[in-house]
Amino acid sequence: MSTTTLPASSASPAPSASASASEAVDSGWLALRQEALHAAIADPAMDSMRILSETAMKFPDALSFSSGAPYDGNHDLADLSFHIDRYVKHLQERGVPQQRITRTLFQYGPVNGFIQDDVARMLRQDENIDVPSEAIMITHGFQEATLVALRGLFAGPDDVLLSVSPAYVGIRGAARMLDIPVEGIDEGPDGLDPEAVAAAARAVRAGGRRPVALYLVPDFSNPSGTVLPLEARRRLLEVAAEEDLVILEDNPYGLFARDGESMPTLKSLDTAGRVVYLGSFAKSAFPGARLGYLVADQPVTAADGVTRTLAQELSRAKAMFSVGSSSLSQAVVGGILVENGHTLRPATRELAAVYLERLQATLDSLAEHFPPERYAEHQVRWNTPRGGFFLTVEVGFEAGLAEMERCARDYGVSWAPMSMFHIGGGGERQIRLGFSNLAPEAIREGIARLARFISASPHA
């Protein structure tokens, strides 16, 4: 085999590691036009979370209500090794050979993971969801579970995803990356109206397209904090059957309800196989594990007559995204589950109390600075969720990213514009406050700063 070497003078040298992108263009290095990339890369809506993160770095002294990061005050480095050791001991107690244990932790593992049995036991105890282990896929966080589910369920260009609006930006971003059109359905004070879902599905079908699935967070929705009532949950399952929809149920906050106020998940109420359940250990264990799971027990029959669960079928998609989820992360989470008797509700009770205290501090501070009886003066009102990480504040002016940056720069507090969560427009005069990672005293100071910003802003 012969090779051809270009003369040194005919090849453009690579720009140095410290060179800027513009310098690279000037050097003759390969340069691309943004419009030549996938449309999602150039979509401003896909950039909102990065902008929020960069604003926090740009103004490090600003108190941040803009993220939904979990409370990080209860982490201990020693817990990592403890839980790995606990999971190894668990395997040993089950009679798993040492060589196999070593290979499990150090080698490539099964695409769908190896802690499905432990997750299945947790789901039975904590959520009354009774599924076999082969109906569970361990994923690289919620986001991969979403990508896998969407890629498997949406087969053609006319397939449409219905979504509650406002919605967590991750679902819209995943659909955008996969070229799946999304139709938003505005939620009300009590969450998504099942009849609005039925109407949206029929409208999509009347337009010659096929509504395939519906995404929502029934418990303490991100960003609004709403909770779907029990009767609405039952009716939504009926609508899914009537309209031939799959429900993608995202439940990151359900463990953090007040005592006695937990609602049954849609998956636990589902008797017709309409729900694919998307979970994460980011809040119940810790975010750095980057571990989530997908529960899909629907039977899928192949041309040869073999029937497997939807989760097993979707492993082909996961194999092309991440191949397999981290063995060490699985071992840590597996150890947490084993150590807590495969139930996370008691283990997260103190954590839930932390979030509820912070929610109450936020509500009290808002009421102090914006008395409801003086609404005509300040034009500020908010919803009162019973849990979760977020609430929504309505203001008397347009509150976009530019206003948020000005607030962070000049008043030392940041938040998230609700407009970035709406599908098809809306929320221009609303902001989302994420209180989960701020101590009560910081919340009180942050709301005081926010009040000064709002008072100085021009009202329509």
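Where is the place of Trp-29? The loop between helix H1 (21-26) and helix H2 (39-42) holds Trp-29, where helices (H or I, at least four residues) and strands (E, at least two) are DSSP runs numbered from the N terminus.

1. Basis of the note. The model is a predicted one, in which local features need pLDDT of at least 70 and side-chain atom pairs count only at pLDDT 80 or more, while totals for chains, interfaces and linings use all residues. Residues are numbered from 1 along each chain as its sequence is written, and side-chain values use heavy atoms, with hydrogens and water left out.

2. Overall form. The chain has 18 helices and 15 strands. Its radius of gyration is 24 Å, close to the 23 Å given by the globule rule for 460 residues, so the chain is as compact as a globular protein of that length; the radius is taken over C-alpha atoms, and the rule is 2.2 Å times the number of residues to the power 0.38. The C-alpha trace spans about 75 × 70 × 55 Å along its principal axes. Of the 460 residues, 50% count as buried (buried means under 20% relative accessible area, exposed over 50%, and partly exposed in between, with a 1.4 Å probe and protein chains only).

3. Surface patch. Trp-29 is partly exposed, with a relative accessible area of 39%, and it contributes, together with Leu-30, Leu-32, Leu-37, Ile-41 and Met-177, to a nonpolar surface patch of about 630 Å². Patches are made of residues with over 30% relative accessible area and no salt bridge, like charges being joined within 9 Å and nonpolar side chains (Val, Leu, Ile, Met, Phe, Trp, Tyr) within 5 Å. Accessible areas come from the Shrake-Rupley method with a 1.4 Å probe, and for residues only the protein chains shown count as cover.

4. Helix H7. The 13 residues of H7 (residues 141-153) should span 18 Å at 1.5 Å a residue, which agrees with the 19 Å between its end C-alpha atoms; the expected span is 1.5 Å times one less than the number of residues. H7 is mostly covered, 10 of its 13 residues being buried, among them Phe-142, Glu-144 and Leu-153.

5. Salt bridges. The structure holds 25 salt bridges (a side-chain nitrogen of Lys or Arg within 4 Å of a carboxyl oxygen of Asp or Glu). One of them joins Asp-159 and Arg-210 at 3.0 Å, N to O; Asp-159 lies in strand E3 (residues 159-165) and Arg-210 in strand E5 (residues 210-216), so the pair ties together parts that are 51 residues apart in sequence. Asp-159 is buried at 6% relative accessible area, whereas Arg-210 is partly exposed at 42%.

6. A buried pair. Asp-219 forms a salt bridge with Arg-233, the closest N and O atoms being 2.8 Å apart. Asp-219 lies in the loop between E5 and helix H10 (230-242) and Arg-233 in H10, so this pair ties together parts 14 residues apart in sequence. Asp-219 is buried at 4%, and Arg-233 is buried at 0%.

7. An open sheet. Four strands form an open antiparallel sheet in the order E11-E12-E15-E14, two strands being paired if DSSP finds at least two bridges between them. Strands E11 (381-382) and E14 (416-417) stand at the edges with a single partner strand each, so one side of each is left without a neighbour in the sheet. E14 pairs with E15 (residues 430-434) over two bridges, and Ala-416 stands opposite Arg-432 in E15.
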